[in-house]
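Subject: A structure for you to look at

Hi there,

Here is the structure I promised to pass on. Please open it next to this email, and then read on for what turned up in it.

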Amino acid sequence: MGVVLGYVATLGVYFCVYNIFAFGLNIQFGYAGILDFTVITFMAMGGYMAGVAALGPSQPGSGIYYILGLSLPWPVALLVGAAAAGALGYLVGLIALRRLRSDYLAIVTLAAGSIVLGIVSNSNSLFDGSEGLVGVPQPMNGVLKLTPNAYTVFFLGLCAVIMVICWLVANRIYRSPLGRTMRAIREDLDVAEAYGKRTFRIRMTAMVIGCVIVGIGGVLTIWFVTALAPAGWGTSETFVVWAALIVGGRGNNLGAVVGSFLVAVLFNEATRFIPAISSLPNLIPEVRNMSIGALVILTLWFRPQGVVAERKARFFEVPLRTGSLEPVPMVPAPATGSGAAQ
Amino acid sequence: MTLFWLTLGFGVVTGAVLSLAAVGLSLQFGVTNFVNFAYGAYLAFGMFFTYTGQVGLHLPLWLAVIFGVLATGVTSVVVDALILEPFVRRGTSGFFLLIITFGLSLVLLNLIQAIWGVGFDQFQISASNPVRLGPFSFTPAQLAIVGIAAATLVAVHLLLTRTTLGKSMRAMSDNAPLARATGIDTTRVTRWTWFLSGCLAGLGGVTLAFNTVEFQAFTGNTFLFVIFAAVILGGIGQIYGAMLGAVIIGLVVNFAGLVISSAYDLDAAFAVLVLVLLLRPQGIIPTLGKA
């Protein structure tokens, strides 16, 4: 019984953590239209910084080296992790958000992610290189003295509380004037700029808030696993979060929740429990990654808005008598005089 | 001083590898107007098709390279025709095409790993002594890389300036709707562009594998943002800019490896990328209406 409960609670924790990642990415991509192709780097930054803030000083004889080692209590470590992820997001945003083109932005985030991964893997003194941090203390584990399965259930409760807070914050932002401006920028940056919106600042706000939320998810991850190494946060992990948001429905947080459940829990985590074929140990992760990539492409083809579509605000529109502004279709459309579209 | 000349030589070799890959990426970007994030997988296809040609089919190396390059080009066309073209025809915005190619990179890289395995492979090249050319010193493989790159880039130049196909590509790159209006079969030109882009990626991958000796599925992908850096430095969509950017980035990467540490040499390419985006985001050769 305890094992089943522990298993369900483990999936529950992953569900909550991926929800938090998806909320963070949703603020960046779903609200403000920022293509952040390195979500997982901010998760790692949050996790690592919370880890070194909570761990004791690095022991010279142990062969494990890391910075700080402040032995801070866990709520402070959570704040340190979230702040570090936000700070990294600000730095990446400073470079990436200057340009209007979305492809530059995507390239810069991807490049920044691969640079951070390279630096963390190569530098042994930062977060113990490719070995990564181990033995990160879990919140209140020393006080509660629970069995591992019972602690997992307690931890699920903690994750659920933090997830609900993130959800409320993300929903509040969506309805606020700030969120409306973000969506206006997503739809048309030039129009938003023409209305006097400071698009760079607002996109930067979305970037940093998103990174902070993703960083909080990273702190929960390192608490749950008690370890984090560069092998655990590659590009394919970023794509799981993207897949969750695209499949569930971008731009609305209910969609993010549905997507996290479908992709991150049912699809991604559940397949981890399938026993590996001994002659082909990598086949299952490979097939899983291919399927997640294919899932996104198929979703964008058959249901581009996702399972739960964003409810767009509707306003009375004066019918325009001008031609369509849509990109010219590959097949030449018959000339119809005035455009009837919209 | 010897070290300086050696590093300069290696910089030119890296630049030659990069220029092949960068021209392929830039050419495709210019014509289709979206960045292909799956490009790293095409480099890997080049390496592994050539490997299969040499080890599986027992072809001589030069024939295996030709087989690998053409097979990568065909793969590139098939991927475009089956997946990307339907989205483009439907009018999917460039924004979502980026996500699709990003997803495609995950699919293709894992497919390569599933087919050819996770381990490191290397081509069977007979070991030979380095060749001294004045103050430089190259392995025969490195000389071959520079030779292949130079010949290929001249061929690309001739293709773009002397043939109808090349002129159509440049016309589409300037203004696709206008090119269509003048009667250019844009679907056909787009497919040829993907073929050429795939071939150049394959050749870039093979020369990269010659240069690094050992390679695996993700070798090309870790190189991807260095290729992006070269393309953006040269001006996105600019073929000649991409060649120039590639040589500059190649030199920067090698000298950074000499001055700082070889563990951080690729970070220097990122530093150049950041500086270019901050100081001259349109690149060395700007494209009107593209930046």
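**What was found**

Chain A has 13 helices and zero strands; helices (H or I, at least four residues) and strands (E, at least two) are DSSP runs, numbered from the N terminus. This is a predicted model, in which local features need pLDDT of at least 70 and side-chain atom pairs count only at pLDDT 80 or more, while totals for chains, interfaces and linings use all residues. Residues are numbered from 1 along each chain as its sequence is written, and chains are lettered from A and ligands numbered from 1 in the order in which they are written.

Among the contacts in chain A with a separation of 6 or more, 75% join residues 24 or more positions apart; two residues are in contact if their C-beta atoms, placed from the backbone, lie within 7 Å.

**Two helix pairs in chain A**

Start with helix 1 (residues 2-31) and helix 11 (residues 235-248) of chain A, whose axes come within 9 Å and cross at roughly 70°. Axes are lines fitted to C-alpha atoms, for helices over the stretch in contact, and angles run from 0 to 180 degrees between N-to-C directions. Helix 1 and helix 11 of chain A are therefore roughly perpendicular to each other (65 to 115 degrees; under 35 is roughly parallel, over 145 roughly antiparallel and the rest oblique). Residues making this contact include A:Tyr18 and A:Phe21 of helix 1 and A:Trp242 of helix 11.

Next, the axes of helix 2 (residues 39-54) and helix 3 (residues 74-96) of chain A come within 7 Å and cross at roughly 145°. Among the residues that meet here are A:Phe42 and A:Met45 in helix 2, and A:Trp74 and A:Leu88 in helix 3.

**Where the chains meet**

How many residues of chain A are in contact with chain B? There are 38, in contact with 35 residues of chain B. Helix 4 of chain A gives the most to this side of chain A, with twelve residues.

**One residue in chain B**

Finally, find B:Ser93 in the loop between helix 3 (61-90) and helix 4 (94-116) of chain B. B:Ser93 is exposed, with 12 other C-beta atoms within 10 Å.

Enjoy exploring!

Definitions and conventions:
A residue is buried if 20 or more other C-beta atoms lie within 10 Å of its own, exposed if 12 or fewer, and partly exposed in between; C-beta atoms are placed from the backbone.
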